Amino acid sequence: MGVVLVANPKGGAGKTTLATNLAGYFANQGGRVTLCDLDRQQSALRWMAFRDPGVAQVTGYFGGNQIVLNLPREADWSILDAPAGLQGYKLSDYLRAVDKVLVPLAPSIFDMAATEDFLGVLRGELRGRRGVLGIVAMRVDPRTKAAAMLEEYLKHFDIPIVAYLRNTQNYVNAAASGLSIFDPPRARFRRDIEQWSGLLEWLERK
Ligand SMILES: Nc1ncnc2c1ncn2[C@@H]1O[C@H](COP(=O)(O)OP(=O)(O)OP(=O)(O)O)[C@@H](O)[C@H]1O
Ligand SMILES: [Mg+2]
């Protein structure tokens with residue numbers, strides 16, 4: 001089983017977008033996927049409720065009240081959608097249970113400042129565990145000055161950027177129907193799907 005935590009203390013960073021699309025991807029690959037919504041707002045579960053019974057199945061539950069994280073053993077993939085502001089013992093508890101941590105991060109000085117302490121904590125807690133922590137550059141074109149600024153900033157932390165996802169309404173529109181960009185018809189989102197290949201490879205790497 002692979003367990004992926006999607007986290008960033010900043011609200012609106014793109015956690016739920018990342019988590020729901022990952023769930024959609026693995027479900028379309030034929031895997032048994034559990035979406036564990038840790039956020040009281042339960043956006044990921046709302047997305048799931050919109051999902052048509054005809055598309056690849058994702059199961060989910062609210063895990064935000066659990067004192068110790070209890071993940072279903074039968075899942076091939078468990079995707080954890082964290083709330084904004086996740087920190088302290090809960091964060092430590094989740095980190096012990098996961099194989100990979102993805103931090104969606106937009107290249108804005110506000111987002112980078114709000115995430116700085118968090119990245120420091122993650123680095124400390126994940127010390128000695130290689131290849132576990134990756135950044136997803138959110139709403140960014142890799143050829144821009146903003147992307148260069150983000151890369152420069154992340155050099156200090158020595159954390160890799162595993163994907164650049166562009167700013168597009170495709171994510172917004174797909175989510176409104178309980179879909180991911182990986183649900184059919186995939187051709188519609190081909191350009192976006194291509195941007196996920198490095199990230200998906202990174203996740204499957206042990
Ligand atoms: N690459 C993108 N392009 C365009 N819009 C995006 C992109 N990623 C996310 N969004 C939109 O940005 C908004 C915030 O994203 P999302 O809800 O995924 O963030 P979040 O980190 O889960 O927020 P919260 O902290 O409130 O849980 C949503 O409306 C989402 O559809
Ligand atoms: Mg969210």
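Helix H1 contributes the largest share of the shell around ligand 1, with 3 residues. The model is predicted: local features require pLDDT of at least 70 and side-chain atom pairs count only at pLDDT 80 or more, while totals for chains, interfaces and linings use all residues. Residues are numbered from 1 along each chain as its sequence is written, chains are lettered from A and ligands numbered from 1 in the order in which they are written, and side-chain values use heavy atoms, with hydrogens and water left out. Helices (H or I, at least four residues) and strands (E, at least two) are DSSP runs, numbered from the N terminus.

**Ligand 1**

- The shell holds 17 residues, of which Lys15, Thr16, Thr17, Arg139 and Arg166 come nearest; a residue is near if one of its heavy atoms lies within 4 Å of the molecule.
- Helix H1 (15-28) and helix H6 (169-176) each supply at least two residues of this shell.
- By class, the shell residues divide into 5 nonpolar, 7 polar and 5 charged.
- A backbone N or O atom of Gly14 lies 2.9 Å from an oxygen atom of ligand 1.
- Nitrogen atoms of the ligand are placed 3.2 Å from a polar side-chain atom of Asn167 and 3.0 Å from a polar backbone atom of Thr168.
- The protein covers 79% of the 630 Å² of accessible area (Shrake-Rupley method, 1.4 Å probe) that ligand 1 has on its own.

**Salt bridges**

- The structure holds 6 salt bridges, each defined as a side-chain nitrogen of Lys or Arg within 4 Å of a carboxyl oxygen of Asp or Glu.
- Arg51 pairs with Asp183, the closest N and O atoms being 2.9 Å apart.
- Arg51 lies in the loop between helix H2 (43-50) and strand E3 (58-62), and Asp183 in the loop between H6 and helix H7 (190-194), so the pair ties together parts that are 132 residues apart in sequence.
- Arg51 is buried at 10% relative accessible area, as is Asp183 at 1% (buried means under 20%, exposed over 50%, partly exposed in between; 1.4 Å probe, protein chains only).
- Lys155 and Glu152 form a salt bridge with closest N and O atoms 3.3 Å apart; both lie in helix H5 (residues 145-155), 3 residues apart.
- Lys155 is exposed at 59%, whereas Glu152 is partly exposed at 42%.

**Thr115**

- Thr115 lies in helix H4 (residues 109-125) and counts as buried because its relative accessibility is 0%.
- Beyond its neighbours within four places in sequence, Thr115 is in contact with Asn8, Pro9, Val103, Leu105 and Tyr153, contact meaning heavy atoms within 4.5 Å.

Technical notes. A polar contact is a pair of N or O atoms within 3.5 Å; within protein, one must be able to donate a hydrogen and the other to accept it, and residues adjacent in sequence count only if both atoms are side-chain atoms. Ala, Val, Leu, Ile, Met, Phe, Trp, Tyr, Cys and Pro count as nonpolar, Asp, Glu, Lys and Arg as charged, and the others, Gly among them, as polar.
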